[in-house]
Amino acid sequence: MRRHERRPTVRGVLAGAVLAALLSSALSVIPSQAAETELIVNGGFEDGTTGWIVNDGNPTDDGLLSTTSDAYAGQGAALMTQRATTGSGPLQVLSGKVQAGETYDLSAKIRYDGADAPASKQFFATMHYGGGTYTNLVSVTAVKGAWATLRGTFTIPATQSTTTARLFFETPWTSNPSSAPATHLMDFRLDDVSLTGAAPPAPPSKTIEVLGKVPGEHNPVISHKFGADAYGFVDDGRVYLYMTNDTQGYAPSSVTGVSPQIDYGSINQITLISSEDLVNWTDHGEIDVAGAGGVAPFTGNSWAPGVAKKIVDGQEKYFLYYANGGGSSNVITGSSPLGPWTSERTSTLIDGRTPGTEGVAWKFDPAPLIATDGTPYLFFGGGPAATSMPAAERFNNPKNIRVIQLGEDMVSTTGTAAVVDAPVAFEAAQVFERDGMYYLSYSSHFGGADFGGNQVKVPGYPGGGQIGYMMSTDPMSWPKETYSGVLFPNQSQFFGAGTGGNNHQSVFELDGKYYFTYHAPTLNKRINGDVTQGYRSTHLQELTFNADGTIQQVVGDFAGVDQVKNLDPYQTLEAETFAWQQGLATKKVGTGSAQFGDDAPHLVVHDVDDGDWSALSAVDFGAGAASVTARVKPLVAGASIDVRLDDRAGPVVATITLDAEIGDWVDASADLTDVAGVHDVYFTFSGPSGSDLVELDTWSFAAASETPTLDVSVSAAARCLAGKVSLTVRAVNDGAGPVDVTMSTPFGRKTFEGLSPTRSAQQTFATRAGSVPAGAVTVTARATVDGRDVTTTQEATFDATDCAQR
């Protein structure tokens, strides 16, 4: 992120007449607040420096923040020493807490000593709103050796963005404070900091409520969150897409539904999804890569991932490479495609110290390749061309991409990086191998001063924001002559206004076919219209080749790729597996996935409202399914899930009633009616309006097994006894277990219980008639088989009989 040096004019206005007027009124009369919520964490420094850092708004700001027992009150106060600038002072981040248009009360205690310090000194409490926007809020002139009180009221202008809000304490700005450090850079103590006012707004919901992916369409690949720079990686028949987590900064207004523009500088996670069929995608959540809570806390960002697998020292490992902003690249290691992840390094893998990176402005976008001979390589780089080159060369052949051999451990480099002379190159190099040929694709630049200004493009070279490609038989050799054409035009050609910009792609192979990933802000466009805010979504198209090995140019569309196999429902399926959905969100609740194992991330579906739905594509039920079970946590009474076929308004084949104890995880089941063959399956949610209905963990279906029958032989015969007809019925148990047999005739009924195997039961029924017409008897056998109650019914006929004719 670019940092701006502050100018005295920014401070001068507020530090002068306006500030004096503010203080003269504010110090005597402080308006009452509608809500007196304390917004400062650890304002008394009783918990050390928790919640506080040294202001770092400018590159030159620096200092040492510690605590001291020499406090105004309590056991501790902040001690600020070794200040490099007047702005170097204790800082607390208030982003998301303070709001434009609201009024706040601010107070703090401050003291300085120093034998050479002046007798009095002015101190400011200042808010940094990002960039060069600084506002002095409250001031006090302190007397050396005595605690002074900063106290005042301020209102944040209604037009002021508070996406960034950082409160810090400082002395008045001067251009050369080191010329008189005792006057401008004295040590000072801070205690009892308080900021009260309106309670922080509820965090904006990141749930995407619009229909972001139309049923039947397969692009974008998911619609419940964003994801960019996708890297496709196939392992054991499953495709994993690792993506820059664009959702991390998504914060739509509760009023307008529009989020601020994407802030790449805040992204430090990688989003991961996977699929076996390229249509039903399972959300595995985010990998905490960089930042204080990340696997590699010595890095600040994680963009543009790349993944490889290799056996190292006899152990199969997975390596996730990522861009640490524009200045460097790094790698973390996993035991599976889903992690868990660790860092084998304590510093970045690729940076300015890497041999051969001279002239590479952006040492990012790392993409690994394991060549056919097993040698690992890493491609990286991009950004403005070196100014030492002639202008025309800077435009057409900027030489800003590199390839370097990786060590056998995959977390170190070997030798010197070689130049990839990709025409009109900007970023996003990625390489795959096919039939002994290596294909390198990359994103082209848009020209401008960084690339030599207004220059003539070499005929055939890529236009701005296109994906070009090269072909080579040597992973380390990419002269400009290996350029082969444009693989993919700019995405705006296919998706229209609001979807332009640069791109980032990858190619992977699955079952002999090749697929091309790219991104476009199509979901962002469906939310907000043609004016998008830079939130990108991954798309997928099949990649095909000409007879000479060159690539047929890819056409982007919403249709996407065909589903490569039907979904097997007779397994445990994570509920966060979607072909399509509307209004749902996912969250990580720990580890231990029912479908992917104990070490895999455990996610659930949440924010389920009345009318929301999800769907699975091409589910193959075979001969038939008997029931469906959902692992659920009901959140309200009166909610239910309808299971439908082939359309979200299609026929209901089951209703799962969510009548368990609220807040408890349970398995809720329902019988299915007439569900066989291949269908899209929709789950539609109903319940009280305005309430979160349920959280969902898994789905599972049970097959309808073939109904067992009981093996019983039945016969019936009529005969005359003393001039009257008698009917004899016989049943033989030919099965392996005991059965209960009931004989029903027009002349009576008889039950035999526990008829053993091979045994027979016989009963004679007196008709009391001299003649009977032909007829039939019914014999019902009942038994328990494999825990199921089984009933088999058979008929036996008998002939007409007239005793008078005998």
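## Basis of the description

The model is predicted, so local features need pLDDT of at least 70 and side-chain atom pairs count only at pLDDT 80 or more, while totals for chains, interfaces and linings use all residues. Residues are numbered from 1 along each chain as its sequence is written, and side-chain values use heavy atoms, with hydrogens and water left out.

## The second largest pocket

Rolling a probe the size of a water molecule over the atoms shows where empty space is left. On a 1 Å grid over the protein atoms alone, a pocket is an open set of points with protein on both sides within 12 Å along at least five of seven lines, whereas a cavity is a set of points where a 1.4 Å probe fits but cannot get out; lining residues have an atom within 4 Å of a point. Grid points are joined across faces, edges and corners, and a volume is the space filled by probe spheres set on the points.

Two or more lining residues come from each of β12 (228-235), β16 (303-312), β20 (367-370), β24 (425-434) and β28 (506-510); strands are DSSP runs (E, at least two residues) numbered from the N terminus. β12 gives the most, with five residues. The lining holds 14 nonpolar, three polar and four charged residues (Ala, Val, Leu, Ile, Met, Phe, Trp, Tyr, Cys and Pro count as nonpolar, Asp, Glu, Lys and Arg as charged, and the others, Gly among them, as polar).

## The cavities

The largest cavity has a volume of about 50 Å³, and its lining includes Asp-229, Ala-230, Tyr-231 and His-504. β12 supplies the largest share of this lining, three residues.

The second largest cavity has about 30 Å³ of space. Among the residues that line this cavity are Pro-220, Met-243 and Thr-538. Pro-220 lies in the loop between β11 (188-197) and β12, and the peptide bond that joins Asn-219 to Pro-220 is cis, with omega near -10°.

Strands of a sheet pair through backbone hydrogen bonds, either parallel or antiparallel. Two bridges join β2 to β5 (residues 90-93), and Ile-53 stands opposite Leu-91 in β5.

## Individual residues

Thr-85 is found in the loop between β4 (77-81) and β5. This residue is buried, with a relative accessible area of 12% (buried means under 20%, exposed over 50% and partly exposed in between, with a 1.4 Å probe and protein chains only). Beyond its neighbours within four places in sequence, Thr-85 is in contact (heavy atoms within 4.5 Å) with Thr-60, Asp-61, Pro-177 and Leu-185.

Asp-192, in strand β11, has a phi near 50°, a positive value in a residue other than glycine. Asp-192 is partly exposed, at 30% relative accessibility.

Key
Helices (H or I, at least four residues) and strands (E, at least two) are DSSP runs, numbered from the N terminus. Two strands pair if DSSP finds at least two bridges between them.
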